[in-house]
Amino acid sequence: MNKDDFLYPRGRYYGQVKPENLVFNANLQEFAQKISYICNLETGGKLPPEQAYDQIKSLWKELKRTKKQLRIGEQPFLDDEGQGE
């Protein structure tokens, strides 16, 4: 098993298969993994609460920026052909 596969597992994507959705899902899974590490470090006393908060806030802003760049959710009722579902 690859070390990165062990440390950063990826779940299978079951949503609507579009490139932007796949990219966002990968970013979301990475976000969740990093949040988990930060929470565990803070809980274990290895990271001060203020620093944990700042790191989580930075990761959240990065995820929001990615969502905006990929235009996720801008037209939630249109399919790939621009037709209403």
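I began with Asn21 and, leaving aside its neighbours within four places in sequence, I found Asn21 in contact with Tyr13, Gln16 and Ile72. I keep in mind throughout that this is a predicted model.

I then looked up where Asn21 sits, and its place is in helix 2. Its relative accessibility is 15%, and because buried means under 20%, Asn21 counts as buried.

Next I turned to Leu22, which is also found in helix 2, the run of residues 19-43. Leu22 has a relative accessible area of 39% and is therefore partly exposed. When I set aside its neighbours within four places in sequence, I found Leu22 in contact with Tyr13 and Val17.

I went on to helix 2 as a whole and noted that Asn21, Phe24, Asn25, Gln29, Phe31, Ile35 and Ile38 are buried in it. I asked myself what the buried residues of helix 2 pack against, and I found that they pack against helix 3. I also checked the span of helix 2: at 1.5 Å a residue, its 25 residues should span 36 Å, and its end C-alpha atoms are 36 Å apart, which agrees.

Lastly I looked at backbone angles. Just after helix 2, I noted that Gly45 takes a positive phi of about 80°. Arg71 lies in the segment after helix 3, which covers 49-70, and phi of Arg71 is near 60°, a positive value in a residue other than glycine. I wrote this down because most residues other than glycine have a negative phi.

Methods: Residues are numbered from 1 along each chain as its sequence is written. This is a predicted model: local features need pLDDT of at least 70, side-chain atom pairs count only at pLDDT 80 or more; totals for chains, interfaces and linings use all residues. Side-chain values use heavy atoms; hydrogens and water are left out. Helices (H or I, at least four residues) and strands (E, at least two) are DSSP runs, numbered from the N terminus. Buried means under 20% relative accessible area, exposed over 50%, partly exposed in between (1.4 Å probe, protein chains only). Contact means heavy atoms within 4.5 Å. The expected span of a helix is 1.5 Å times one less than its number of residues.
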